[in-house]
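Please look over the sequence and the structure first.

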Amino acid sequence: MAAGKTIRTYFNGSWQDGNPAVMRAADHAMWLGSSVFDGARRFDGLTPDLDLHCARTNASAEALMMAPALSTEAMTEVIRDGLEGFAPGAAVYIRPMYWAADGDETLIAPMADSTQFAVCLEEIPMAPPEAAATLTRTRFRRPVLENAVVNAKAGCLYPNNARMLREARSKGFTNALVLDAMGNVAETATSNVFMVRDGEVFTPIPNGTFLAGITRARHISNMRADGLAVHECVLGYQDFEEADEVFLSGNMSKVTPVTAFDGRRYQAGPVAKRVRDLYWDWAASQK
C-alpha cells in the first residue's frame with residue numbers, strides 16, 4: 001500500500017522511483033507470511049535513532065528464522081543514500097524490509113539464506129503538534145511469545161492490530177487501548193502508551209507481549225534526564241481512567257496526546273508537550 005506522495009524503493013542493489021513489484025507469487029512470504037519491517041523517520045533534516053531501527057530490522061529477521069542480508073551499518077548507509085533523492089526539508093517514512101523467498105525442506109519454515117531485502121522511502125508529513133487520539137477498549141489482545149513472534153516487528157502480527165482498529169473506529173474512536181493475555185494494559189493498536197498521575201509518568205512494563213519501542217525508550221531517557229519520575233509497571237484500564245493525562249509514543253508521529261478513553265476525557269496536557277519538546281531538542285542535538 002502506497003501512503004506517500006513521493007516514493008523511492010531500493011531493491012536488488014539499486015534505487016528506483018515509485019512502488020515497483022518486488023515479490024513473486026510463489027515466494028514463501030507471499031503465502032506463509034515470513035516478512036518483517038521497521039519504521040524510522042526523517043524530519044527537519046534529522047534521522048534520529050536510524051541505526052537502532054536498522055539493527056531491530058535485523059533482529060526481527062532472525063526472530064523469523066531468516067538470515068539478515070545486510071549489516072546494520074550497510075543498511076544505514078543504503079538508507080542515507082536513498083534520502084538524498086528527497087528535498088532537504090521533506091518528511092520521510094523509512095521502511096526497511098526483509099522477506100523469505102523460499103522454504104526449507106518442510107516448506108513451512110523459511111530457508112534462511114533466501115532472504116530478500118528492500119527499503120521503501122515515502123514522503124509523509126509529520127503530524128501537527130495539535131493532533132490527538134481517542135481510545136477505547138477492545139476485545140482483542142496481544143499474544144505471547146509461545147504463540148506468536150512478538151519479539152519481532154513482523155507483518156503477520158498486524159492483522160490482529162487491524163481488528164483492534166476496526167473495532168475502535170466502529171465505536172467512534174481512533175485507536176484501541178489493548179490488554180495482554182494476562183489482562184494488563186500493553187499498548188495501543190499502533191503505539192506504546194504513557195499516562196500521567198500527580199506529576200509522575202507511568203507506562204506498561206515490557207513483558208514480552210509487545211515491542212517496547214525505540215522512540216518509547218528515547219522518551220523515557222529524555223524524561224528522566226529532565227527530572228521527571230517515570231515508572232515502568234503493571235497497569236490496568238482503571239489506571240487510565242484515573243489518569244490526569246495520557247499520550248502515545250510511536251515512530252510515525254513521535255508524541256500524540258490522548259483526549260478520551262471511552263467516557264473519560266482529558267486535556268492535551270503539559271507533560272506530553274514537554275516530552276515532544278524534549279524529543280525535538282534531543283534529535284537536533286544529534287546532528
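Which residue in β13 is the bridge partner of valine 193? The partner is leucine 248.

The model is predicted: local features need pLDDT of at least 70, side-chain atom pairs count only at pLDDT 80 or more, and totals for chains, interfaces and linings use all residues. Residues are numbered from 1 along each chain as its sequence is written, and side-chain values use heavy atoms, with hydrogens and water left out.

Helices (H or I, at least four residues) and strands (E, at least two) are DSSP runs, numbered from the N terminus. Buried means under 20% relative accessible area, exposed over 50%, and partly exposed in between (1.4 Å probe, protein chains only). Two strands pair if DSSP finds at least two bridges between them.

| Partner strand | Bridges to β10 | Direction |
|---|---|---|
| β13 (residues 245–250) | 5 bridges | antiparallel |
| β11 (residues 200–204) | 3 bridges | antiparallel |

Methionine 195 has its bridge partner in β11: phenylalanine 202. The hairpin of β10 and β11 has 2 residues between the strands. There, aspartate 198 takes a positive phi near 55°.

**Cysteines**

How many disulfides does a search of the whole structure find? The count is 0. A disulfide is called when a pair of cysteine sulfur atoms lies within 2.5 Å. Take cysteine 120: the closest cysteine sulfur, in cysteine 54, is 14 Å from its own sulfur, so the two are too far apart for a bond. Cysteine 120 is buried, at 6% relative accessibility. Cysteine 233 is partly exposed, at 23%.

**Proline 110**

Proline 110 sits in the loop between β5 (92–100) and β6 (115–123). Its relative accessibility is 9%, so it counts as buried. Which residues surround it? Contact means heavy atoms within 4.5 Å. Leaving aside neighbours within four places in sequence, proline 110 is in contact with residues including His28, Ser34, Leu64, Ala100 and Asp102. Met66 is also one of these contacts. Proline 110 and methionine 66 are 44 residues apart in sequence, yet 6.7 Å apart in space, C-alpha to C-alpha.

**Arginine 95**

Arginine 95 belongs to strand β5. At 16% relative accessibility, arginine 95 is buried. Its side chain makes a polar contact with the side chain of glutamate 122, at 2.8 Å. A polar contact is a pair of N or O atoms within 3.5 Å; within protein, one must be able to donate a hydrogen and the other to accept it, and residues adjacent in sequence count only if both atoms are side-chain atoms.
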